[in-house]
Amino acid sequence: MRTLMAQPFTLHDVTRLRRAVAELAGSCGLSSPKLDDFVLAVHESVVNAVEHAGGHGYFKLWTVNGVIRSETTDRGSGIPTGYVDADRKPLDLAEEGRGIFLIRRLCDMVDFDTGPGGTTVLLTMRLPHPPGRAPHRVMKRIRVSAGRHPFGRFTA
């Protein structure tokens, strides 16, 4: 795991944090349109904390095992279940619920942990494979039999 940034934030940090996420995610190999999607999803998670959870929170960005992840944490009262569990587009005239809808659509994986003590939003985006490096392949299972062969020999 390689931590790229970890810091508290308020409304005054939102623009600077968004720019830093774009730069750091880009330096990890994420490029448009996935870079734009990830940055927008992070922005929505941070803005939600500012608007709905007391105006501040904590943000962390890191890479691990071929993915980039962000974690936005706040100490608000939690997200209503209807917003977190809903997988439908908000009504055109709705004033709330768009951020979570966008977050779910923009990232490869999203996890919300929310309750009366606060909310943590974990966003994950797969990073592209570095040039000249083949993607990691999972080994196929094979049957091995020692059968009638002398000790130390096997067939596969």
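Throughout these close-ups, a residue is buried under 20% relative accessible area, exposed over 50% and partly exposed in between, with a 1.4 Å probe and protein chains only. You are looking at a predicted model, in which local features need pLDDT of at least 70 and side-chain atom pairs count only at pLDDT 80 or more, while totals for chains, interfaces and linings use all residues. Residues are numbered from 1 along each chain as its sequence is written, and side-chain values use heavy atoms, with hydrogens and water left out.

View 1. A salt bridge here is a side-chain nitrogen of Lys or Arg within 4 Å of a carboxyl oxygen of Asp or Glu. Start at Lys34, which is partly exposed because its relative accessible area is 29%. Lys34 pairs with Asp108, and their closest N and O atoms are 3.0 Å apart. Lys34 belongs to helix H2 (residues 34-52) and Asp108 to the loop between helix H4 (98-106) and S4, so this contact ties together parts that are 74 residues apart in sequence. Helices (H or I, at least four residues) and strands (E, at least two) are DSSP runs, numbered from the N terminus. Asp108 is partly exposed too, at 31% relative accessibility. Now follow Asp108 to its other partner, Arg126, where the closest N and O atoms are 3.6 Å apart. Arg126 sits in strand S5, so this second pair ties the H4-S4 loop to a part 18 residues away in sequence.

**View 2. Asp13 and Arg16 form a salt bridge.** The closest N and O atoms of this pair are 2.4 Å apart. A search of the whole structure finds 3 salt bridges.

**View 3. Helices H2 and H4 pack with their axes 9 Å apart.** The angle between them is about 150°; axes are lines fitted to C-alpha atoms, for helices over the stretch in contact, and angles run from 0 to 180 degrees between N-to-C directions. H2 and H4 are therefore roughly antiparallel, since angles over 145 degrees count as such, under 35 as roughly parallel, 65 to 115 as roughly perpendicular and the rest as oblique. Their crossing is left-handed, meaning that the near helix is turned anticlockwise from the far one by less than a right angle.

**View 4. Five strands make an open sheet in the order S1-S2-S3-S5-S4, with antiparallel pairing.** Two strands pair if DSSP finds at least two bridges between them. At the edges are S1 (2-10) and S4, each pairing on one side only. On average, neighbouring strands are turned by 10° against each other, direction ignored. S1 is joined to strand S2 (residues 56-64) by 8 bridges, and Ala6 has Lys60 as its bridge partner in S2. S4 (residues 109-115) and S5 (residues 118-126) share 7 bridges, with Val110 partnered by Leu123. A hairpin of 2 residues links S4 to S5.

**View 5. Cys28 and Cys107 are both buried.** Cys28 has 16% relative accessibility, and Cys107 has 9%. How many disulfides are there? The count is 0, taking a disulfide as a pair of cysteine sulfur atoms within 2.5 Å.
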